[in-house]
Amino acid sequence: MRPRVLTVLGATGTIGVNTLDVVARHPGRFEVFALTGATQVDRMAEQCRVHRPRVAVMNEPAAAAALRDRLAEEGIAVEVRAGAGALTEVATAPEVDTVMAAIVGAAGLPATLAAARAGKRILLANKETLVVSGQLFMDAVAASGAELLPIDSEHNAIFQSLPRDFRGDFQAAGVKALWLTASGGPFRTLSAEAIAQATPEQAVAHPNWVMGKKISVDSASLMNKGLEVIEARWLFNARPEQIKVVVHPQSIVHSMVEYADGSVIAQMGTPDMRTPIAYALGFPERIAAGVPALELMGRQLTFEAPDMARFPCLKLAFDALAAGGNAAAVLNAANEVAVARFLDGAASFNAIADSIAHALDRLAGGMAATLDDLLEADRQTRRVTGDYLEAIRA
Ligand code: NAD
Ligand code: MG
């Protein structure tokens, strides 16, 4: 068998590291063409040492220069490139057949969309890409014949629970609804008063999953589930009312598909992202992921309704989905700005939802036909949200 040739966008992040962990378990099965990161030179140097990619990309020119020196000292022959343009180059290079899209935020959009246009097999972790550019992205996938495999554990579970030949027709497949499970995050049982006082340290301490900081805060606010509702809408061609959210604090049932005959098919597993990553890397074969077996004896699985009053971000995401157009791009950009400020200690936890509501009020309703429209909505929202957060702080 010819090895699959991989580019890992966001290799130095949590998903990137887990991806390379699975790759390393299957010598000869994968060949790493390119690895990319933003600023973490030490980790990228280590990854180059182990995986010997042909190209390494660092976002920051200074980081690229430092990496180049480091690799030259050690005699490791890897071509180092810098900047956003280089991300697109390695995502579309003709040698590459598979792209793991694991950059965090809308920053991942241009390269991920380019990979879609180039007809690659895309392992999609970067949910913000679909939230911002859903229709455009899915059109690009359809036009090029790219293959899209979801990495987000919920969407991967739904993908596994749908018929293999599912093409977005709920009626034909007898599908009634998609059920996204949510852990409820670290603030699930806190009062609204306690949530208002939440610190970044509390927000990033997720009970079940180890993840990057941004998605950890999104999990605490339930915005992560909101983004996933929008992601599911596009991935599976679901109408908003066909997407349900249920809180399942144990994170064992990763999501479910409800069928017309009353069957509900779920995918379960130990909460470890290497399972969906291995599923997508090996697809359609099942390959080892290094994940401990699921131990069900003596475990309780519980389910409860999400509380949109204490977690308004989830409601805002449903609102943005209903509004259509540029609203999801606005929601996403406002969230990215507010979460970064919250992590810096410069905004309260509740300011995240407030900023998003403000941005949607001001900017939703604009055009979203082209990539430029969406990038413009993203830019405007970042400006408006930055100003808003300064104003409410003063
Ligand atoms: P992370 O913060 O750990 O890693 C992010 C990666 O993106 C790093 O390699 C970083 O260097 C790179 N990056 C950041 N900003 C960049 C920029 N401006 N340009 C280029 N590269 C940049 O994040 P993560 O937890 O690995 O999440 C990555 C994506 O996967 C996110 O979209 C997240 O929502 C999604 N996801 C993550 C998990 C998880 O368990 N971690 C689960 C489901 C989905
Ligand atoms: Mg998820």
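In this predicted model, F159, Y279 and F283 come together as one aromatic cluster, where rings of Phe, Tyr and Trp (the six-membered ring of Trp) count as a pair if their centres lie within 6.5 Å, and where planes under 30 degrees apart are called stacked, those over 60 edge-to-face and the rest tilted. Because the model is predicted, local features need pLDDT of at least 70 and side-chain atom pairs count only at pLDDT 80 or more, while totals for chains, interfaces and linings use all residues. Residues are numbered from 1 along each chain as its sequence is written, chains are lettered from A and ligands numbered from 1 in the order in which they are written, and side-chain values use heavy atoms, with hydrogens and water left out.

**Aromatic rings**

- The structure holds 6 aromatic pairs, and among them is the pair of Y279 and F283, which is tilted because the ring centres are 5.7 Å apart with the planes at 55°.
- Y279 counts as buried at 9% relative accessibility, and F283 is likewise buried with a relative accessible area of 11%, where buried means under 20% relative accessible area, exposed means over 50% and partly exposed lies in between (1.4 Å probe, protein chains only).
- The rings of F342 and F349 have centres 5.4 Å apart and planes at 70°, so this pair is edge-to-face.
- F342 is buried with a relative accessibility of 1%, and F349 is buried with a relative accessible area of 5%.
- The charged end of R233 sits over the ring of W234, 3.9 Å from the ring centre; for this term, NZ of Lys or CZ of Arg must be within 6 Å of the ring centre and within 35 degrees of the ring normal.

**The magnesium site**

- The magnesium ion (ligand 2) has D152 (OD), E154 (OE) and E228 (OE) as its protein donors, lying 2.1 to 2.2 Å from the ion; donors are N, O and S atoms within 2.8 Å of the metal (3.2 Å for Na, K and Ca), and sites may look incomplete because water is not among the atoms.
- Along the chain, these donors follow the spacing D-x1-E-x73-E.
- D152, in the loop between strand 7 (147-150) and helix 7 (153-161), and E228, in helix 12 (residues 223-236), link distant parts of the chain that are 76 residues apart; helices (H or I, at least four residues) and strands (E, at least two) are DSSP runs, numbered from the N terminus.
- Both D152 and E228 are buried, and E154, which is placed in helix 7, counts as buried at 7% relative accessibility.

**Salt bridges**

- Side chains of opposite charge can pair when their charged atoms come close.
- A search of the whole structure finds 27 salt bridges, each being a side-chain nitrogen of Lys or Arg within 4 Å of a carboxyl oxygen of Asp or Glu.
- R382 and E336 meet through their side chains in a salt bridge of 3.0 Å, N to O, and because R382 lies in helix 17 (residues 371-393) and E336 in helix 15 (residues 327-343), the pair ties together parts that are 46 residues apart in sequence.
- R382 is partly exposed, with a relative accessible area of 28%, whereas E336 is buried at 14%.
- R341 forms a salt bridge with E390, with the closest N and O atoms 3.1 Å apart, and this pair links R341 in helix 15 with E390 in helix 17, 49 residues apart.
- R341 counts as partly exposed at 24% relative accessibility, and E390 counts as partly exposed at 43%.
- D378 and R382 also meet in a salt bridge of 2.7 Å, N to O, and they are separated by about one helical turn because they are 4 residues apart in helix 17.
- Salt bridges that share partners join K127, D152, E154, K225 and E228 into one network.

**A nonpolar surface patch**

- M268, L296, L301 and F303 make a nonpolar surface patch of about 340 Å²; patches are made of residues with over 30% relative accessible area and no salt bridge, with like charges joined within 9 Å and nonpolar side chains (Val, Leu, Ile, Met, Phe, Trp, Tyr) within 5 Å, and accessible areas come from the Shrake-Rupley method with a 1.4 Å probe, only the protein chains shown counting as cover for residues.
- L296 is located in the loop between helix 13 (274-282) and helix 14 (312-323), and L296 is partly exposed with a relative accessible area of 39%.
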